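Please read them with the structure open.

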Amino acid sequence: MDTIKTVVFDLGGVLVDLDIDRCTGAFRSLGMDAVADLINPYYPAEMIGRLEHGVISFHEACDEMRRLSGTPEITDAQIAWAYGQFLVRIPVAKLRQIDALRERGIRTCVLSNNNPASMKYIRRMFTADGKTMDDYFDAVFLSYELHELKPSEAIFRKMIAAGGMRPEETLFIDDGQKNVDAAQRLGFAVYMPGPGEDFGHILDNLNRYEEIL
């Protein structure tokens with residue numbers, strides 16, 4: 001493996017701690033059990049998939065959720081709140097690990113299946129150590145802006161082209177097996193942390209002990 005010059009992070013489950021039970025519970029509290037059954041932390045389905053693909057707007061996704069669950073009285077704001085319950089925190093220690101990479105001259109990026117409502121919550125979380133999300137990354141690649149979803153090859157190719165990165169010099173960190181497999185097929189170095197894993201040792205030792213990857 002060549003020296004790693006760029007690290008690409010997934011958000012949910014990698015940098016952002018998730019709580020699927022809190023999210024599904026929030027939807028059930030709104031009477032939207034049918035929507036709760038669709039929540040998947042790795043691969044979005046139905047209207048959530050189309051939202052994260054950038055095919056429909058958040059309001060259009062909400063309309064579909066209301067129709068599916070038979071809850072026309074539920075507002076977009078309530079749905080945004082329920083989905084936001086998925087997102088718990090970004091530990092400050094992880095933010096400082098990203099800072100440390102950048103101080104060593106390693107570029108950092110994000111590649112995430114996401115949607116506009118969730119990103120509002122996530123961007124606020126990145127202020128936990130007095131900075132903003134833009135301070136931590138050279139580029140942020142989001143599915144709804146690229147109109148592609150992981151694990152498609154297309155989203156990786158769009159990221160490679162826009163980010164000017166070489167896969168063989170890039171470490172991709174994601175907690176979804178299909179996403180990691182897709183990146184590896186394209187030549188990326190990959191690491192898949194387990195649930196709640198502190199993978200800081202991977203970042204601390206990057207380009208020092210390559211055999212750990």
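1. In strand 7, A189 is the bridge partner of L171. The model is a predicted one, and this point should be kept in mind throughout. Strand 6 and strand 7 form a parallel pair over three bridges.

2. The sheet as a whole is open and has five strands, in the order 5-4-1-6-7, with parallel pairing. Strand 5 and strand 7 (189–191) are the edge strands, each pairing on one side only. From one strand to the next, the twist averages 20 degrees.

3. Strand 1 has two partners to check. With strand 4 it pairs in the parallel sense over four bridges, and with strand 6 it also pairs in the parallel sense over four bridges. V8 stands opposite C109 in strand 4 and opposite F172 in strand 6. T6 stands opposite T170 in strand 6.

4. Strand 4 and strand 5 are paired in the parallel sense over four bridges. Here C109 stands opposite A139 in strand 5.

5. Which way do the residues of strand 1 point? T6 and V8 point one way and V7 and F9 the other, and all are buried.

6. Helix 10 (residues 153–163) has I155, F156, M159, I160 and G163 as its buried residues. These cover an arc of only 140 degrees around the axis, so they sit on the same side of helix 10. The face turned away from that buried side carries the exposed residues A161 and A162.

7. What covers the buried residues of helix 10? The cover includes strand 1 (6–9), strand 4 (107–112), strand 5 (139–142) and strand 6 (170–173). It also includes helix 9 (143–146) and helix 11 (177–185). Just after helix 10, G164 takes a positive phi of about 60 degrees.

8. Two packed helices are described by the angle between their axes and the distance between the axes. For helix 1 (residues 20–29) and helix 5 (residues 76–84), the angle is about 155 degrees and the axes are 7 Å apart. An angle over 145 degrees counts as roughly antiparallel, and helix 1 and helix 5 are therefore roughly antiparallel to each other.

9. Which residues make the contact between helix 1 and helix 5? From helix 1 come R22, C23, A26, F27 and S29, and from helix 5 come I79, W81, A82, Y83 and G84. By class, the contact has seven nonpolar, two polar and one charged residues.

10. R66 is placed in helix 4 (residues 58–69). Is R66 buried or exposed? Its relative accessible area is 11%, and the cut-off for buried is under 20%, so R66 is buried. Leaving aside neighbours within four places in sequence, R66 is in contact with M32, H59, T71, P72, I74, T75, D76 and I79. I79 is also one of the residues of helix 5 that meet helix 1.

11. I202 lies in helix 12 (residues 200–204). With a relative accessibility of 1%, I202 counts as buried. I202 and Y191 are eleven residues apart in sequence, and their C-alpha atoms are 8.7 Å apart in space.

12. D129 is found in the loop between helix 7 (116–125) and helix 8 (133–136). At 25% relative accessibility, D129 counts as partly exposed. Apart from neighbours within four places in sequence, D129 is in contact with V92, L95, R96 and Y136. D129 and L95 are 34 residues apart along the chain, and 7.5 Å separates their C-alpha atoms.

Terms used
Residues numbered from 1 in each chain as written. Predicted model: local features only at pLDDT ≥ 70, side-chain atom pairs only at ≥ 80, totals over all residues. Heavy atoms only, no water. Axes fitted to C-alpha atoms, helices over the stretch in contact; angles between N-to-C directions. Helix = DSSP H or I, 4+ residues; strand = E, 2+ residues; numbered from the N terminus. Parallel < 35°, antiparallel > 145°, perpendicular 65-115°, else oblique. Contact = heavy atoms within 4.5 Å. Nonpolar A, V, L, I, M, F, W, Y, C, P; charged D, E, K, R; others polar. Buried < 20%, exposed > 50% of the residue type's maximum accessible area, 1.4 Å probe, protein only. Arc of directions from axis to C-beta. Pairing = 2+ DSSP bridges.
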